[in-house]
Amino acid sequence: MIRVQQEDFDIGAEIAALKDGRTDIGAIVSFTGTVRDAGGTVTAMTLEHYPGMTETELERIEAEAQARWPLQASLIVHRFGTLKPGDNIVLVVTASAHRDAAFDAAKFLMDYLKSNAPFWKRESGPSGDTWVEAKTSDDAATTRWSRKDAAQ
Amino acid sequence: MRLLYFAWVKEKVGHATEDVDLPGDVSTIAELMAWLKTRGPEFAHAFEQSDTIRAAIDQAHARPDAKIAGASEIAFFPPVTGG
């Protein structure tokens, strides 16, 4: 399942809902991305996105993970709007019978999301606003999965 | 055809969306960006380094050589930074 929303999410409640009434799950992995203010220069972060395409991309990425790994369940929640340092941005949860699939699929989902989901971060601070620049390491992380795929 | 702009592309262009009639000789994303550059100083500025701008045709990522025939919505934006 995927959700794009302005409001915060509760990691415990999301995991509880995902495994509610199920006994076929043996491993659950979750990743939470939060707003970072490492240098004391970020007072707020605003996430813009492309409504429509965002949902389409997240569903595509999730379907790709479901096709690659034996997942019992998966969840992507991504927030938009104005957030403060420490606030949650993104949640990825993967559930499988054994841990390897859940770990690998969670990393894959985050790597693909970072390179493909149409979100843009703008940081606000004392010296004004700046758009966060994409990292080449994020594209490299995604390319690694392609290479691995091609080699199989 | 509807054009959409996001993040700093939108800020430089000055608006988020517009409907345009394209000249007949514009058939790819790269050609569309070249044409947009000629539409005024704000477009020339926004699309100055067009190799850093990404595009989507009808809400799917598209490369510069992608054909735009039949598209109803084309978006231009910086490389994505979500997650």
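Trainee: What share of the contacts in chain A with a separation of 6 or more comes from residues 24 or more positions apart?

Mentor: A contact joins two residues whose C-beta atoms, placed from the backbone, lie within 7 Å. In chain A, residues 24 or more positions apart make up 76% of the contacts with a separation of 6 or more. This is a predicted model, in which local features need pLDDT of at least 70 and side-chain atom pairs count only at pLDDT 80 or more, while totals for chains, interfaces and linings use all residues. Residues are numbered from 1 along each chain as its sequence is written, and chains are lettered from A and ligands numbered from 1 in the order in which they are written.

Trainee: How many helices and strands does chain A have, and in which order do the elements run?

Mentor: Helices (H or I, at least four residues) and strands (E, at least two) are DSSP runs, numbered from the N terminus. Chain A has 4 helices and 8 strands, in the order β-α-β-β-α-β-β-β-α-β-β-α from the N terminus. The radius of gyration of chain A, taken over C-alpha atoms, is 16 Å, close to the 15 Å from the globule rule (2.2 Å times the number of residues to the power 0.38) for 152 residues, so chain A is as compact as a globular protein of that length. Along the principal axes, the C-alpha atoms of chain A fill a box of roughly 50 × 40 × 30 Å.

Trainee: Is H49(A) buried or exposed?

Mentor: Count the other C-beta atoms, placed from the backbone, within 10 Å of the residue's own: 20 or more is buried, 12 or fewer exposed, and in between partly exposed. H49(A) has 22 and is therefore buried. Of the 152 residues of chain A, 30% are buried. H49(A) sits in strand 3 (residues 44–49) of chain A. Beyond its neighbours within four places in sequence, H49(A) contacts V4(A), T54(A), F80(A), P118(A) and F119(A). The C-alpha atom of H49(A) is 18 Å from that of V92(A), 43 residues away along the chain.

Trainee: How do helix 2 and helix 3 of chain A pack?

Mentor: Axes are lines fitted to C-alpha atoms, for helices over the stretch in contact, with angles from 0 to 180 degrees between N-to-C directions. Helix 2 (residues 53–68) and helix 3 (residues 99–116) of chain A have axes 10 Å apart, at an angle of about 150 degrees. That makes the two helices of chain A roughly antiparallel (over 145 degrees; under 35 is roughly parallel, 65 to 115 roughly perpendicular, the rest oblique). From helix 2 of chain A the contact uses E57(A), I61(A), E62(A), E64(A), A65(A) and R68(A), and from helix 3 of chain A it uses A105(A), F108(A), L109(A), Y112(A), L113(A) and N116(A). By class, the contact residues of these helices divide into 7 nonpolar (Ala, Val, Leu, Ile, Met, Phe, Trp, Tyr, Cys, Pro), 1 polar (the others, Gly among them) and 4 charged (Asp, Glu, Lys, Arg).

Trainee: How many residues of chain B are in contact with chain A?

Mentor: 14 residues of chain B are in contact with 22 residues of chain A. Helix 1 (7–13) and strand 5 (73–77) of chain B each supply at least two residues of the side of chain B that touches chain A. That side of chain B holds 9 nonpolar, 5 polar and no charged residues.

Trainee: What is phi of D58(B), and what of Q59(B)?

Mentor: Phi of D58(B), a residue other than glycine, is positive, near 45 degrees. For Q59(B), also not glycine, phi is near 70 degrees. D58(B) lies in the loop between strand 3 (54–57) and strand 4 (60–62) of chain B, and Q59(B) is in the loop between strand 3 and strand 4 of chain B. With 16 C-beta neighbours inside 10 Å, D58(B) is partly exposed; with 19, Q59(B) is partly exposed.
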